[in-house]
Amino acid sequence: MAGKLIIGNWKMNTRAQSAQSLLDALLEQPACDQPWVGVAAPAVYLAALGARLQGRAIRLAAQDVSAFASDGAYTGEVSAAMLQDIGCAYVLVGHSERRQYFAESNPQLLAKMNNAMAAGLVPVLCVGETLEQREQGSYLAVIHQQLSILADIAAGEYLIAYEPVWAIGTGKVATLEQIAEIHSAIKTWCLQNAKPSASIRVLYGGSVKAENAESILMTDNVDGALVGGASLDAGSFRMICQAAGKLI
Ligand SMILES: O=C(CO)COP(=O)(O)O
């Protein structure tokens with residue numbers, strides 16, 4: 001799909017009622033009820049939201065998926081097939097918060113990518129450096145190391161999200177030059193090393209707001225945005241979707 005893709009990552013927020021209300025508010029907005037808009041809701045609410053989205057354009061996304069491929073004795077896990085079953089189109093893989101708090105490693109993330117694609121989901125591999133890594137100048141090496149699993153996955157469709165850890169939830173957005181540099185480096189690396197995706201698309205995430213969305217989305221090699229905090233406010237998210245809609 002040409003144009004920009006916007007995925008809202010609700011993280012560990014909302015309750016059953018507020019998740020429904022937020023989705024309803026988005027569905028009332030033509031700018032949001034579009035096939036290039038996705039919402040990554042908490043796992044427990046996905047089924048109810050998926051039912052609500054039947055026949056609508058907004059895509060459902062999960063925030064994580066099990067590294068285990070098949071059904072079985074894996075207490076607490078949610079498989080890719082389960083996510084597909086209740087209507088998910090996308091799943092985030094390797095978000096920096098999961099890397100940080102759950103020590104997710106490349107072998108696990110490779111399994112998650114493969115499981116997602118085998119189940120017909122489009123995984124969004126999240127990569128990004130910490131502030132310390134940026135200041136040390138090792139950020140490209142870090143990102144290449146995070147991307148390296150793309151050399152080993154089965155060919156298929158996936159997305160990449162560049163989310164500098166220091167820009168997540170901090171209000172400190174990367175400069176357009178920094179974003180352009182990394183997005184270009186990611187695409188170059190993928191062309192040289194990765195198994196072919198249907199297309200190589202890179203989203204930016206980290207303090208994307210209504211005020212900065214358009215300039216970020218217009219930056220070279222930015223194919224969309226992964227939006228955290230601002231996706232919890234229907235009005236802000238609508239303005240971000242509107243900015244994307246203008247750039248089709
Ligand atoms: O982590 C993010 C999206 O996955 C970004 O979060 P914020 O937009 O709140 O900075």
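Which residues does Gly228 touch, not counting residues up to four places away in sequence? I looked, and the answer is Asn9 and Lys11; contact here means heavy atoms within 4.5 Å.

Some ground rules before I go on. I'm working from a predicted model, where local features need pLDDT of at least 70 and side-chain atom pairs count only at pLDDT 80 or more, while totals for chains, interfaces and linings use all residues. Residues are numbered from 1 along each chain as its sequence is written, and side-chain values use heavy atoms, with hydrogens and water left out.

**Entry: binding site**

I checked UniProt next. Its unreviewed entry lists Asn9, Trp10, Lys11, Gly169, Ser207, Gly228 and Gly229 under "binding site"; such annotations may be inferred rather than shown by experiment. These residues are spread over 221 residues of sequence, yet they cluster in space, with a largest C-alpha distance of 13.9 Å. Asn9 and Lys11 are among the lining of the largest pocket. A pocket, on a 1 Å grid over the protein atoms alone, is an open set of points where a 1.4 Å probe fits, with protein on both sides within 12 Å along at least five of seven lines, and lining residues have an atom within 4 Å of a point.

I found Gly228 in the loop between strand S8 (224-227) and helix H10 (234-245), and Gly229 also sits in the loop between S8 and H10. Helices (H or I, at least four residues) and strands (E, at least two) are DSSP runs, numbered from the N terminus.

**Entry: active site**

For "active site", the unreviewed UniProt entry gives His95 and Glu163. They are spread over 69 residues of sequence but cluster in space, the largest C-alpha distance being 8.4 Å. Of these, His95 is included in the lining of the largest pocket. I located His95 in the loop between strand S4 (88-93) and helix H4 (96-102).

**Entry: H1 and H2**

Helix H1 (residues 16-27) packs on helix H2 (residues 43-52) at about 30°, with axes 10 Å apart. Axes are lines fitted to C-alpha atoms over the stretch in contact, and angles run from 0 to 180 degrees between N-to-C directions. H1 and H2 are therefore roughly parallel, a label for angles under 35 degrees. On the H1 side I noted Ala16, Ala19, Gln20, Leu23, Asp24 and Leu27, which meet Tyr45, Ala48, Leu49 and Arg52 in H2.

**Entry: H7 and H8**

How far apart are the axes of H7 and H8? I read 11 Å, with helix H7 (residues 139-147) and helix H8 (residues 176-193) packing at about 40°. That makes H7 oblique to H8. Tyr139, Leu140, Ile143, His144 and Leu147 in H7 meet Glu181, Ile182, Ala185, Ile186 and Trp189 in H8.

Technical notes
Parallel < 35°, antiparallel > 145°, perpendicular 65-115°, else oblique.
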